[in-house]
Amino acid sequence: MEAAQFDAILRTYKPNSDLGPAGALGYANRYFFSRQSRQRLMTVLATRYRPDTRELVYANAGHLPLLVRRGNEVTVYGDGDIPIGVLREQQFRNFSLDLAPGDLVLMYTDGVIEARDAERAEFGLERLSAIFAQGPTQPQALLEVILAALFDHQDRVGYDRRRDH
């Protein structure tokens, strides 16, 4: 329900390039906060990428960090602020990354790193980062490797791209 409400709020936002993703989060937070009937919060990672300058600007409202792969090295970018719905007048911040040709950016949900195996062990950020670092450089192939490892960890039937897409 909150996701649908958040989507509806964002559809009314008039972007201001000077404010970047943080402006959108601030706007959404004010309206999300005023419309929520229950005490809920929402984590959000908002980004803007400009291919001409290779600049990725992001604002993180309590969400998981994003991962950037350059070569076989992965860097975790966890800078951010509190989730949406906590403080009505929260001022979200933008963070900027300069990407190079060939860099890969991974954004994911807690459902990935918190997925558990039969012994209740989580998939984890460390495992995800290792797969991301050593996996293919083509995005679709990398996604397939990550999903296959995740499903294998959960002892689920192997990932079948034809079935799941």
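## Close-up views of a predicted model

**View 1. I84 and its surroundings.** Leaving aside neighbours within four places in sequence, I84 is in contact with F6, L25, N29, F32, R40, L41, M42, V44, A61 and F92. Keep in mind, here and in the views below, that this is a predicted model.

**View 2. The largest nonpolar core.** Stepping back from I84, we meet the largest nonpolar core, which has 16 residues. F6, L25, M42, V44, A61, I84 and F92 are the ones that touch the most other members. Helices α1 (2–10) and α2 (20–35) and strands β1 (44–50) and β2 (55–61) each supply at least two residues of this core. Helix α2 gives the largest share, six residues. As background, nonpolar side chains tend to be buried together in soluble globular proteins. Another core, of 15 residues, lies apart from this one, and its members include L67, L104, I113 and L142.

**View 3. Strand β5 beside β2.** Strands β2 and β5 run antiparallel and are joined by four bridges. Look for Y58, which stands opposite F95 in β5. Strand β5 (residues 95–98) has two faces: F95 and L97 make up the covered one, while S96 and D98 make up the uncovered one. In a regular strand, side chains alternate between the two faces of the sheet.

**View 4. Helix α4 crossing helix α5.** Two packed helices are described by the angle and the distance between their axes. For helix α4 (residues 125–134) and helix α5 (residues 139–153), the axes come within 10 Å and cross at roughly 145°. This crossing of α4 and α5 is right-handed. On the α4 side, the contact is made by R127, L128, I131 and F132; on the α5 side, by L142, V145, I146, A149 and H153. Sorted by type, the residues of this contact are seven nonpolar, one polar and one charged.

**View 5. The buried residues of α4.** Which residues of α4 are buried? They are L128, S129, I131, F132 and A133. What do the buried residues of α4 pack against? Their partners are strands β3, β4 and β6 (104–106), together with helices α3 (110–113) and α5.

Technical notes: Residues numbered from 1 in each chain as written. Predicted model: local features only at pLDDT ≥ 70, side-chain atom pairs only at ≥ 80, totals over all residues. Heavy atoms only, no water. Axes fitted to C-alpha atoms, helices over the stretch in contact; angles between N-to-C directions. Left-handed = near helix turned anticlockwise from the far one by under 90°. Contact = heavy atoms within 4.5 Å. Nonpolar A, V, L, I, M, F, W, Y, C, P; charged D, E, K, R; others polar. Core = buried A, V, L, I, M, F, W, Y, C linked by side-chain atoms within 4.5 Å. Buried < 20%, exposed > 50% of the residue type's maximum accessible area, 1.4 Å probe, protein only. Pairing = 2+ DSSP bridges.
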